[in-house]
Amino acid sequence: MIASCLCYLLLPAARLCRALSRALSDAFFTCRKNALLAKSSSPQVEGDFAMAPQGLDQEECEGLLQQWREEGSSQVFSAVSEGPLVDKGLAQSSLALLMDYPGEQDAASEDKWCSRQLSDLQAAENLEEPSPEVLGEESLPEGEGPMWAAVPMQAGPQYADCTILPMGALAAEEWEEDPAVVAWSLAPEPMPQEEAPIWSFEGLGQLQPPPVEIPYHEILWREWEDFSTQLDAQGLEAGDGPQFQFTLMSYNILAQDLMQQSSELYLHCHPDILNWNYRFANLMQEFQHWDPDILCLQEVQEDHYWEQLEPSLRMMGFTCFYKRRTGCKTDGCAVCYKPTRFRLLCASPVEYFRPGLELLNRDNVGLVLLLQPLVPEGLGQVSVAPLCVANTHILYNPRRGDVKLAQMAILLAEVDKVARLSDGSHCPIILCGDLNSVPDSPLYNFIRDGELQYDGMPAWKVSGQEDFSHQLYQRKLQAPLWPSALGITDGCQYVTSCHPKRSERRKYSRDFLLRFRFCSIACQRPVGLVLMEGVTDTKPERPAGWAESVLEEDMSEPEPEPEPVSPRTIGTIQHCLHLTSVYTHFLPQHCRPEVTTMPLGIGATVDYIFFSAESCENGNRTDHRLYQDGTLKLLGRLSLLSEEILWAANGLPNPFCSSDHLCLLASFGMEVTAP
């Protein structure tokens, strides 16, 4: 059986015979480097093996043959004679062929070489060698031709400077890399397919997960990028002057219920690492390691929050606020802060569900907190502006961009109300969460640029998660996007925040009202008034000199102001919060985009941290300084990873990262001013 298989493999065309003979020639001429060219015994994917280097020309071959005859021919033959019969036969046959004609060979020479090798292999079949099934090898599938690889070997006492590795020892022999052979770009020893599955994805070739002995924390190493000493857009140092510094983390921790409902997304994970107790320990270790001052979490399962997360975070010094999703959903959002660094001014939960509105019939929620930074006593009488922190998880459905925009408008309106100061400006704002939208999508640009023209836009295009342009029917956005009954303007503000209440516009002075105290109408007894002794049985006496009637012009009420009408722009929504992303969504050192999650093995960025800053109009968007620092300054951030790195760690979740998202972490500084 072995002879028939090898016979089939050793009857290639003329081109293949020429390449094989050249490869064997190189093996003998590099015998002093302890290298060998051997035929692979197991199928490999294209690209795993490096082809043998190009053969030497005829003059170099003749010179090396002459040197070999003079220096060590006897040693080589003695070593071959000591080895197995198959090695001796192959060596003698190949050496004889090389000495006969080391250069290019015609068809007759190739046929001669093939028949000689075939006879040697048929003779080797009679030897008692283990079969491929015993060795655990698979038969080589039919292809265009056999593949060759440079295989380093360990020289034993029975092998001289140039030897042939026994055929059965290829799969089991352990060897060390020879520096002389490393230059040939050696392929690693093939691993069994069930232990190292090959992951393939578009544009990145085929990768294999790393060996188990490589720690996951080394693969998923994330660097801290410090911006505190870099110059801003005006050339000033970002860390000048006293600052109140704090860190904020945003993290989608993957609710256990949602993971079990979509178990097909996590088939690549071992069941043990999906256990909640394992994941909870990993998450808490991650919180303790980064130790943020503010923690914004998404997909927080309610029972896990009250039973485990909230007590553990309280022991770590956090005060927590939680908002569960409406309806029958079991997860929600949480915002936690350290009371030693901040004092709560107000907390405002946000529900996007509106009964009777088809546009807002989803159960997503948000949470907005207004925090007052606590300045250390050593700084004296100084003050810091309040900080508004908003956390949300927007609808996932890629087809419903209209719902995503309406939910974001409600959140921005709530942020505008909470962060608005008495003079009409806004305090520093941080907006973070899982927005289920990719960078440079219309929704992302709306948050960053403050304006979006949406009329006629396909709904799937808003988030940019998937491309549905091939579908015949596409939902398109129409103006107005939401009804006026929602109470939110196209500027993403509550109507009551834009205009004062009607009661506040009608104010009368005390003197004006007292003028009617003893008028004729006031002194008349009302019809049907119950007579009560000492209460309603007396008639008020008009003081001397008090006019019986008030002039008609004095009694006239001030004319009320006309009810203002909120103008609705045609197909455009805006906001005035001036937000900029902490991350640039590109890794210049890897020339790859950043990713925060890997649904179905495809890397994407859907998690963000936006903060108050003025964007630079003329700037390169690949630079992280695309804004002018205001009251809130970005001092540093935790770098993200590329898709290739996450693939090398078997995607998300993995034994090191227990969520299907990466955490986002940033450091900020706020100006400290004198009162």
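In the predicted model, V535 is exposed, because its relative accessibility of 54% is over the 50% cut-off. The residue sits in the loop that runs between α17 (520–523) and α18 (552–555). Together with V530 and M532, V535 makes up a nonpolar surface patch, and the accessible area of the three residues is about 290 Å².

S250, by contrast, is buried, because a relative accessibility of 2% is under the 20% cut-off. This serine belongs to strand β6, which covers residues 243–252. Beyond residues up to four places away in sequence, the contacts of S250 are with C296, Q298, C432, G433, Y608, I609, C663 and L664. With one of these, Q298, the side chain of S250 also makes a side-chain polar contact of 3.3 Å.

The count of salt bridges is 16. One of them pairs E302 with R324, with 3.4 Å between the closest N and O atoms.

Because R592 lies in strand β18 (residues 592–593) and E644 in helix α19 (residues 643–648), the pair ties together parts that are 52 residues apart in sequence. R592 is partly exposed, with 33% relative accessibility, whereas E644 is buried, with a relative accessible area of 19%.

In the salt bridge between R448 and D440, the N to O distance is 3.8 Å. Here R448 is buried, at a relative accessible area of 13%, while D440 is exposed, at 53%. Elsewhere, a network of salt bridges links E358, R400 and D402.

Confidence was examined along the chain. The average pLDDT of the protein chain is 74, and 59% of the residues score at least 70. Residues 192–207 have a pLDDT below 50, although the model gives this stretch 25 contacts beyond near neighbours in sequence. The pLDDT is also under 50 over residues 231–238, where the model has 21 contacts beyond four places in sequence.

Definitions and conventions: Residues are numbered from 1 along each chain as its sequence is written. This is a predicted model: local features need pLDDT of at least 70, side-chain atom pairs count only at pLDDT 80 or more; totals for chains, interfaces and linings use all residues. Side-chain values use heavy atoms; hydrogens and water are left out. Patches are made of residues with over 30% relative accessible area and no salt bridge: like charges are joined within 9 Å, nonpolar side chains (Val, Leu, Ile, Met, Phe, Trp, Tyr) within 5 Å. Accessible areas come from the Shrake-Rupley method with a 1.4 Å probe; for residues, only the protein chains shown count as cover. A salt bridge is a side-chain nitrogen of Lys or Arg within 4 Å of a carboxyl oxygen of Asp or Glu. Helices (H or I, at least four residues) and strands (E, at least two) are DSSP runs, numbered from the N terminus. Buried means under 20% relative accessible area, exposed over 50%, partly exposed in between (1.4 Å probe, protein chains only). pLDDT is the predictor's confidence in each residue, from 0 to 100. Contact means heavy atoms within 4.5 Å. A polar contact is a pair of N or O atoms within 3.5 Å; within protein, one must be able to donate a hydrogen and the other to accept it, and residues adjacent in sequence count only if both atoms are side-chain atoms.
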